[in-house]
Amino acid sequence: MSHSASHADSHGHGSHGHGDHAKYPFLAHHFDTPNQQFESGKLGMWVFLATEVLFFGALFVMYAILRFKDPQVFSYAANYLDTILGGINTCVLILSSLTMAIGVRAAQTNKKGLLSLCLALTLAGAIGFLVIKYFEYTHKFHLNLKWGQAFYQPVTEADAAAAKVEAKPVENPVLAISSPNPSAGASTVSLASPPPADKTAIAAPKMGPDGVATTEMVEAVDKPVHAAHPEGPHLLDPDMPANTHRFFAIYYIMTGLHGIHVVIGVGVIGWLLVGSLRGRYSSDYYTPVDLVGLYWHVVDLVWIFLFPLFYLIH
Amino acid sequence: MTTLDTRPIHDEVPGNYLTFRRGILSWIFTLDHKRIGVMYLVAVLVSFFVGGVMALLVRTKLLFPGEVEWMTFDQYNKAFTLHGAIMVFLVIIPSIPAALGNFVLPIMLGAKDVAFPRLNLFSFYLWIMGAICAVYSLIAGGFDTGWTFYTPYSSQFSTGGTIPVLVGVFILGFSSIFTGVNFVVTIHKLRPPGMTWFRMPLFLWALYATALIQILATPVLGITVALLVVERAFNIGIFDPVMGGDPVLFQHFFWFYSHPAVYIMILPGMGIISEIIAVHSHRHIFGFRFIAFSSIAIAIFSFLVWGHHMFTSGQSPLMNVLFSAITFSVAIPSAVKVFNWLATLYKGSISLNTAMWYGLSFIFLFTIGGLTGIPLAVLSTDIHLHDTYFVVAHFHYVMMGSALIAMIGGLHHWWPKMTGRMFNETWGKIGCALVFVGFNMTFFTQFMLGSQGMPRRYYMYKPEFQIYHHISTGGSYIMGLGFVITAIYLLHSLFAGRKAPANPWGGASLEWQCTSPPPHDNFSVTPRVGDCYDFSAVSWDEKQQGYVVDVEAHVAAAQSGKGH
């Protein structure tokens, strides 16, 4: 900690460094030197980023567990992701990280014009990422690649009605889950669909001896209306593994949470850009630029893990 | 709070933190760690009152088995769930770090404030928002999942208030994280010259270890409850077995936070006890480094034992054995602390003040709470004791009998510093005795109930258990009376208490060297740091009716290595 030496040198006992406070208007009252304030901010940001790593870390653990349980789901469902768009987004984020790093350097070396330019480019990258992500999401929604039971349903109410009348209900492997206990007799279980809106209306499940739904329960539920629908190509695919919906659940959760971080990034980088255009940052004081830079690199880093884990598995 | 602010209680000290600025806005927008600590304290104590009323309702209902006229089964389930959730998330977790820690940490350290005062205030308002969510969940239908929110009950069934309370827990988690970030940075970067790591009071070591857990464990809770909200709202099939999900995965995620959270609760309490025992025995703490490092050791171990909550949930036998073994090892740093406190007491000149009564209560209750953890860590006995009143009694001895008793003890220890007033010692001891006796009546009987097979959370019980339930409920009333008396004499002291000297107990750490209440900036000059457990330079001053520290001699003794 370099600050402690300078701290002790510049202020002996009994001094609170009022000189520094007069000289540096940005210096908060409870810090003695600008360096102490900078180092505190930096440590605080690193510690906060540690919490971010744990935040995403739990999701990566969940990803690992789900993939370990159903590896075929992941290798199958990844085909529905657009590797080109994902790849472009990866490049966009890496480039925005580069401009952010150049921007921090520009602030340190007091090049205010370059700082504003770099922040603007970073902001453009962040917004560009979100725009591409928006097209990816809407495309998947269009194909009905959603989470949970919606994954197995036609897109609209009208479609659902049409599908009920027209389509020939096929033996649907989609919702099948294997019974872990062969003696239970039930090899597959299908879900009633659509689910009741009011969850309290769901009857308590009957439990078999092995804790799984019994044969009676399987026969009791309605035949599913997961009919073939042109808007959901996966619904036509008889080779789709069971539980494929979980890939998309975790895909939306992890990329969505990352997307929220990018949105926050847009906000703080925009705030930096405004400050930079007003000349607030200089080689004396660039703490916010440095800290936001750290944040932005971590957001990029999370994506660097997300991209191969979702898009590049086959 | 405004009445506190506008009343000039310390005429001879022109600028203490209470009179520095006036009016309610000066509290709402304050960045002063002392005022934020006081606001946290008020908020936590209000929550403690609500949670306590819930506990008394539950205990009163349990006087009789089965449904009673004034409380349905459903209301009973909601009442004990609310009691647990309030006490854990709104009271015990923020009580010592956010309320007492906020007030004391920068002063003990010799700093003017925490590193990020705005973040500190933001964290307080996050707490308020979380509390509002919890209140809203009651309006929205309440929740009856138990405070653990186990799936699939919480994700598919339960009642309408589940999602609001989960959102509240998520927000409260961030409040806790930001407090932790603040404390870690403050301790690393705001120490004045001379305040080395091994000159730091043990309370700060404990808060540092706590902050590490808050930072590293709480995000996992945040993402877990977020996933549960998504699961409940959209049925995505992560925890729902019908959709191919795994409910035990939720238990792993939940306990990965919530076991370390137990140490978020107890570690700061242990820190307070280290202060109370040393100061009120007027004797140098025994084994400073052992106590300091045992806090860090407990923080590390806390991340490795979560599986002991799931011995009956179908973990692999190998996992069970490993978690059981690591759980035993937590006993080592805990026992190191207890033995060091006892060694500190030995041949000390003990002042049996109210704070010391609480300190001794802690040692007694924590020992029982810790030792009854061993049968729960043993795989074979845990099968019998799992989800019985034995577990309830065990964690109440640790969370309430230890963490909360330490918090109340710390409140008495620093009350003169925070308010500038002395409370009535006689009533203090009566209150402490009632709480101690009532507590043991309430929860020791529950060990007996649990070992005979009474399951936790049940509204129905066998007739032969009724006598235990009667004793337990009677004890809870005695305890409640003790807390009411405590509240009365503490509030009374604000108006009629004797003015507090700067150093009423004879402490040598830095907070006793500034006035009571402290000035806005804590120290007008950078304080000089000695050994905070060296009481050789502390003497009684008749004129001030308090102790004074000869700072020159104190610092000189530390520099020459005396007092160690």
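Q: Which residue in β2(B) stands opposite D541(B)?
A: G546(B) stands opposite D541(B). This is a predicted model, in which local features need pLDDT of at least 70, side-chain atom pairs count only at pLDDT 80 or more, and totals for chains, interfaces and linings use all residues. Residues are numbered from 1 along each chain as its sequence is written, while chains are lettered from A and ligands numbered from 1 in the order in which they are written.

Q: Why are strands β1 and β2 of chain B said to pair?
A: Two strands pair if DSSP finds at least two bridges between them. β1 (residues 538-541) and β2 (residues 546-549) of chain B have 4 bridges, in the antiparallel sense. So the pair meets the criterion. Strands here are DSSP runs (E, at least two residues), and helices are runs of H or I with at least four, numbered from the N terminus.

Q: What lies between β1(B) and β2(B)?
A: The two strands form a hairpin with 4 residues between them. In the turn, Q545(B) has a positive phi of about 55°.

Q: Why are α12(B) and α16(B) called roughly parallel?
A: Helix α12 (residues 354-371) and helix α16 (residues 425-451) of chain B pack at about 15°, with axes 9 Å apart. Axes are lines fitted to C-alpha atoms, for helices over the stretch in contact, and angles run from 0 to 180 degrees between N-to-C directions. Angles under 35 degrees count as roughly parallel, over 145 as roughly antiparallel, 65 to 115 as roughly perpendicular and the rest as oblique. Hence α12(B) and α16(B) are roughly parallel.

Q: Which residues make the contact of α12(B) with α16(B)?
A: α12(B) gives T354(B), W357(B), Y358(B), S361(B) and L365(B). Among those from α16(B) are C432(B), F436(B) and F439(B). Contact means C-beta atoms, placed from the backbone, within 7 Å. By class, this contact has 6 nonpolar, 3 polar and 2 charged residues. Ala, Val, Leu, Ile, Met, Phe, Trp, Tyr, Cys and Pro count as nonpolar, Asp, Glu, Lys and Arg as charged, and the others, Gly among them, as polar.

Q: What makes α7(B) roughly antiparallel to α8(B)?
A: Helix α7 (residues 162-189) and helix α8 (residues 202-234) of chain B pack at about 155°, with axes 8 Å apart. That angle makes the two helices roughly antiparallel. Their contact has 24 nonpolar, 8 polar and 1 charged residues.

Q: How do you know that domain 1 and domain 2 of chain B touch?
A: 18 residues of domain 1 are in contact with 20 residues of domain 2. α4 (73-109) and α9 (247-281) of chain B each give two or more residues to the domain 1 side. The largest share, 4 residues, comes from α4(B). The domains are 25-283 and 502-564, with bounds from an automatic or database domain assignment. Their C-alpha centres lie 34 Å apart.

Q: How many residues does each chain bring to the contact of chain A with chain B?
A: Chain A brings 36 residues and chain B brings 33. On the chain A side, α3(A) gives the most, with 15 residues. That side divides into 19 nonpolar, 14 polar and 3 charged residues.

How values were computed:
Contact = placed C-beta atoms within 7 Å.
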